[in-house]
Amino acid sequence: MGAKQFGARVTRVEDPALLSGRGRFVDDVKFPGMLHACFVRSPHAHARIRGIDASPARALPGVHAVLTADDLPASMATNRMPMLVPNPAIAASLTQHCLARDEVCYVGQTVAVVLADSRYIAEDAIALVDVDYEVLPAVSDYRSADNPNAPRAHLTLDNNVASTFRMAYGDADAAFASAPHVFTEEIWQHRGGGMAMEARAVVANPDPTDDLLTVWSATQTPHICRRMLADLLDRDLETIRCIAPDVGGGFGPKAIFYAEEAVIPAAALKLRRPVKWTEDRREHFMCATQERDQLWTVSIAVDDAGKILGVRGTLLHDTGAFVPWGIIMPYIAAATMPGPYVIPNYALDIKIVLTNKVATTPVRGAGRPQAVFAMERLMDRVARELKLDPAEVRFRNFIQPQQMPYAVGLTFRDGKPLIYDSGDYPKAQSEALRMIEYAAFKQRKAAARAQGRFIGIGIGNYVEGTGLGPYEGVTVRVLPNGKVAVATGATNQGQGTRTTLGQIVSDRLGCRLEDIIMTVGDTAAIPQGIGAFASRQAVNAGSSAMIAGVAVRTQVIKLAAQTLGVPESDIDVEDGVAVARGGNRPSLTFRELARLAQGMPGFSFPAGQTPGLEYTAYFTPPQASYCSGTHLAEVEVDPMTGAVKILDYAVAHDSGTIINPLIVDGQIQGGVAHGIGNALLEWMRYDENAQPLTTTFADYLIPMATDVPTCKIAHVESPTPLNPLGVKGAGEGGTIPAAAAIIAAAEDALSEFGVHFAETPLMPERIVAALRAVNAYERLAEIA
Amino acid sequence: MATLKISLTVNGQSYGREVESRLTLADLLRHELDLTGTHVGCEHGVCGACTVLIDGRTARSCLTFAVQADGCEITTVEGLAPAEGKLNILQQAFQDQHGLQCGFCTPGMLMTLTELLRDNPDPTESEVRDVLTGNLCRCTGYAGIVSAALEAARRLRAQQER
C-alpha cells in the first residue's frame, strides 16, 4: 500500500464545524451559576501601591467578590510566577505576581479581580475599586534604559540590565582589521503583537463531585498550563485538567502562561463556582505579550568580490517589565543572523534591558525576523557599495548544498550545536527569482519610471531552526466500534493539526481519515505534552503519529494473522480492515479486532499479545531541523503619500517533506501577511511614560485584504534526516524574511533619490521624511 | 439598569427577551440565545468577526444594541447551511479553497460575502478584496478567502443557469 493521504492536498477535517458556527472556543463554554471576571489593571507604567479599597465595588449588587493578592492561595499570594524558560545568564530573574502586591511595572498589570453575575456588572465594579498609587518614573525607550541616570524599571533593581552575553566564533576583530571593505548599519526594529483574532480567555470549573478542576484556556500550551497551575495552586497534577478547545489563532503570545490563567482558577476554587474571563481587545493590546523591539548596530567586512569576511556588532533587546520566557528571542536572533551565508568570523554582543512595558515573548518568528532584517540590510548595503546585483552578492556567499550538514559555529537555543541538517539555498533563491521574473525587472522598472511610477524589488533569505524538542506524543487506539482514537499533546490554533496528524495515521495504520477521532489540546487525553511554538508540531507530533500508527498496524497484523491462521506477511491493512492475501481473502474489521484485543474475562492472552490495539509514541528530535527560503517582493512606492503597495510576492520555501501542500501554502501565505504588517504597518507605540498609545485596530493597523497579494509559492523540498518523515517546520517561515524583502524593495523603488531605510515598520511618514531630507520633492517638481 | 422587552427573528426562529438596554446584539446572540457562532474580536467595530445580517444587511453586532434589533430579522452563521451536517455553496468553497485556518473570523467573513454575492453575483477580485477590508483575518493572508468568494460566485452562477 502506498501513501494515500501524505503529501496530498487534503481539505481539512476541522472546517465543517468552524464554517457552520459549531466551533467551540473558550468564550463559548458556559455553566449554570457561572461568574464573570474583570481585572483591575494598573493605569500607570510604574507605581507603588499604597493601598486598595474595594469596599464600594463589593457593595455593588451582582458583585460576589473582589480579590486582591492576599485573597489568593498562599503559594500565589506572595510568590512570583515561575519562569518558563530559565537561563543562568539572566541576572535579574524577574516574573510578576499573579496579582500585584506593592508595585506595578507596566500599564495593564493585574492588580485585583472582580467576580460578578455578568461581565457588564464586573466592568461597572472595577471602576469602583480605589487603588492608591504613588506614581514612579518609568523607563519607556529601551535605547536609554541602561543609562546610569535612567529610572529603574523595578524598585528593587540597581540597573535595568537583565542579561548580557556574547555569541561568537572565529576572530571577527582580526577579520575586520585586514578587510578591504567594512560597512556599518544601525537598525531599529519596533514591537508589535501576535493579534490573534480571538483574544485570550479562561474558564475554570471546580467540580466538587470528583474534586477535579477543569480549566479551558485559549492557549497554545495546555500541558504547560496544567503544570503551572499544579505548582501555583499547590494541587496534585491529577486533579487538574486543562483544555485548549478551538483556539482562534496563537502566533506566540498564547504560548506563555499568564497571571490571568492562574487567578481565574484560584477564584473559581475560592468561590466554588465556575468563572469565566474573556479578554477584550484593549486588554490584549496592553497585556498580551509582544515582540520585536531590538536595536542592532552591526558591521560587515567583505573582500573586493563581496565575499563575507566577518560580521560583528551589538544587539540591544527590550524584554519589557519581566522575563517570563527567558532570553530566548535575542538568543535566537543572534543565532539566526548568519543565515544561509558562509560567515567565517562572527561576534555579537547582546544586552537585554528591562523597561516598563508588557513583557516581550515570541511572536511568529521569535527574534528571527529582526536578525534576518539586519543581515539582509547588510547584504543590500554590500551590493550597493560594491555596485553588485543584490541577488549576485547573495549567490557568492551561500553555503552550498554539498556543504550539508553545515556547522555554523554557534550553539542554538536547543542547547545543541547550530548545525544545518539540510537545504539548498542557491536553488531556493533561483526558484524565487524565476517566479518573480527577476531578470526582466530592470525593464519593468524603467517602463514604470517612464510612466512616473516608482517600483522596486527586494530579497530576503533566511534559515530557521524549527521542530524544537523535547517531544510531543501521539496515542493511537483502535476503538471497539472500529473507529480510531488519536490523542496528542499538540494543539491547534488554525494549523490544521487534526488533518495533518490524521493523514499520517490514516496511511501508516491503514484506516479512513473520516474514521479518526482526534483529541488535541486536552491534558486528559495524553499524560505528557508541550504544545505549539517554534514550528515544532509537524516534526514532533507528526513523527510520533507515524511511529504510533506503524506500531498499531503491527499489532493489527499480528492479531489478524493469529486469528485467521495465516502468516503475518500475508496480511494487508487498508480502510480499517485486515485482509489475508491468499485463499478466499478472509478478513477482520477493526471492530472485530478491537473486541478480540480486549480479551475474555478470566482467560489468559496468547503469549506476546498486549491488551488492546494501542500505542503511544513520544518522538524526541536530536536537534532542531533547519528550514530555509527566499522571499522576493516587488513593490510600488507613491512618493507623495509614502504608501507602499506590494505588486508581486514570491516565496521559495524549504520545509522538508510536505504533509499537506494546501495547509503549508496557507501557513506561508498567512505568515507573509504577518510579515507585511511588520514591514509596513504594525508599531505598538508608547509615550515617554510608557503609556500604550495604540490600543485599537484603528490605531494599530494589521494587514487587510487589499494589503496582501496572493503569493507565488514554490516548495524546495530537502527532507531532513533528523526525523522519520523528513519534515521541517512551516509556521513561521512566511513571516521571517518578509520585512527584509519588502523594505529593500521600497528602498530600491526610490533608488534614484539615494534614500536608505533601516527601521521596521517602514511607515509612510518615514518614507516622506527620508525623501524630504534629500530634497526629493524639489527634484520631482523639476522633472514635472 | 433599565430593561426592555424585545422580540426578534434569528435564522427564521422567533425569540422574545427582556434585556438591559446596554446589552449588545452580539452578547444577546451568544450568551442569551446560545448562538455562539458569531464571534467578538475587537468590540470596537473594526475586525468584523461579529458581522451578522440585520434585515438582510451586514452589521456589526458588537456595535449594535440588542434593543436596536427589536422587530428585526437577523441571520447568523448558524443560519447559512441548508441542513444539519451540510454546507452551503459559499461554506463549501471556503473548505475547498482553504479559506480558513483558526476559524474565528470566518463567521463574519461568510456573512459579509453572503451579502456581496447576493448583490453582486459576478464580482471581480478587486471588488471582493475591497468588501473584505471590513473583516480582518490574521491567519490566512486572505488568499484562500478571496479565491473561495470567487469560486462560490462561479458555482452560484452555474446553479442559477441550471
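Student: What conventions apply to numbering and confidence here?
Tutor: Residues are numbered from 1 along each chain as its sequence is written, while chains are lettered from A and ligands numbered from 1 in the order in which they are written. As this is a predicted model, local features need pLDDT of at least 70 and side-chain atom pairs count only at pLDDT 80 or more, whereas totals for chains, interfaces and linings use all residues.

Student: Which element gives the most to the side of domain 1 of chain A that touches domain 3 of chain A?
Tutor: Contact here requires that the C-beta atoms of two residues, placed from the backbone, lie within 7 Å, and by that criterion 18 residues of domain 1 of chain A meet 15 residues of domain 3 of chain A. The elements giving two or more residues to the domain 1 side are α6 (222-233) and β12 (240-243) of chain A, where helices (H or I, at least four residues) and strands (E, at least two) are DSSP runs numbered from the N terminus. With four residues, the element that gives the most is α6(A).

Student: Which strands are the edge strands of the seven-strand open sheet in chain A?
Tutor: Two strands pair if DSSP finds at least two bridges between them, and on that basis the open sheet of chain A has the order β3-β5-β1-β13-β10-β11-β12 with mixed pairing. Since an edge strand pairs on one side only, the two edge strands of chain A are β3 (63-67) and β12.

Student: In which sense, parallel or antiparallel, do β10 and β13 of chain A pair?
Tutor: Within this sheet, A:A201 stands opposite A:T278 in β13(A). Strand β10 (residues 201-207) and strand β13 (residues 275-278) of chain A are joined over four bridges, and the sense of their pairing is antiparallel.

Student: Why is α17(A) described as largely enclosed by the rest of the structure?
Tutor: Helix α17 (residues 661-681) of chain A has 21 residues and reaches 29 Å from its first C-alpha to its last, close to the 30 Å expected at 1.5 Å a residue, the expected span being 1.5 Å times one less than the number of residues. A residue counts as buried if 20 or more other C-beta atoms lie within 10 Å of its own, as exposed if 12 or fewer do, and as partly exposed in between, with C-beta atoms placed from the backbone. The helix α17(A) is largely enclosed because, of its 21 residues, the number buried is 18.

Student: Which element supplies the largest share of the side of chain A that touches chain B?
Tutor: The contact takes 41 residues from chain A and 42 residues from chain B, and both α1 (15-19) and α17 of chain A supply at least two residues of the chain A side. The largest share, six residues, comes from α17(A).

Student: How many Å separate the centres of the two domains of chain B?
Tutor: The assignment for chain B gives domain 1 (3-79) and domain 2 (89-161). Between their centres, taken over C-alpha atoms, the separation is 22 Å.

Terms used
Domain bounds come from an automatic or database domain assignment.
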